[in-house]
Amino acid sequence: MIKCAGVFKANKLVGISGLWFSTRHYIWKSIELDHVYISPEHRGNGIGKQFMAWIYNYAEEHGCNSVELNIYVQNHPSHKFYFNEGFKILGYHFLKQL
């Protein structure tokens, strides 16, 4: 199942993420965040943290016990954010374009 969640401020979309529900052998039922984005002018004021709190609650309400995501190697600001959220690096994401 795939969903999309948005963050609105004064009826303007300021954040978005895809939510992929899946079951994996190493974590069981989870939500994978896809392309999490908060508009630059709204970063650094707690919206991302509130969005993540909403996502964690939504995941639990839907029987998920974990949240996972991929981050580009060079996206250092997001690394700091997700480390502060309690995420851990478990592996590498490999891609081969054909």
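In strand 2, Ser17 is the bridge partner of Ala5. Helices and strands here are DSSP runs, a helix being H or I of at least four residues and a strand E of at least two, numbered from the N terminus. Another partner in strand 2 is Leu19, which is bridged to Lys3. Before I continue, please note that this is a predicted model, in which local features need pLDDT of at least 70 and side-chain atom pairs count only at pLDDT 80 or more, whereas totals for chains, interfaces and linings use all residues. Residues are numbered from 1 along each chain as its sequence is written, and side-chain values use heavy atoms, with hydrogens and water left out.

Let me turn to the sheet as a whole. Strands of a sheet pair through backbone hydrogen bonds, in either a parallel or an antiparallel sense. Two strands are taken to pair if DSSP finds at least two bridges between them. Strand 1, residues 2–9, is antiparallel to strand 2, residues 12–24, and eight bridges link them. These two strands make a hairpin with two residues between them, and Ala10 in the turn has a positive phi of about 50°. Strand 2 also runs antiparallel to strand 3, residues 28–38, through nine bridges. Here too there is a hairpin, with three residues between the strands. Within strand 3, Glu32 stands opposite Trp20.

The C-alpha atoms of Val14 and Glu41 are 8.7 Å apart, although 27 residues separate the two along the chain.

Finally, the aromatic residues. There are four aromatic pairs in the structure. Rings of Phe, Tyr and Trp (its six-membered ring) pair if their centres lie within 6.5 Å; planes under 30 degrees apart count as stacked, over 60 as edge-to-face, and the rest as tilted. Why does the pair Trp54 and Tyr58 count as stacked? The ring centres of Trp54 and Tyr58 are 4.8 Å apart and the planes are at 20°, so the pair is stacked. Because they are four residues apart in helix 1 (residues 47–61), about one helical turn separates them. Trp54 is partly exposed at 40% relative accessible area, whereas Tyr58 is buried at 15%. Tyr82 and Phe87, by contrast, are edge-to-face, with 5.4 Å between centres and 80° between planes. Tyr82 is buried, with a relative accessible area of 8%, and Phe87 is buried as well, at 16%.

Terms used. Buried < 20%, exposed > 50% of the residue type's maximum accessible area, 1.4 Å probe, protein only.
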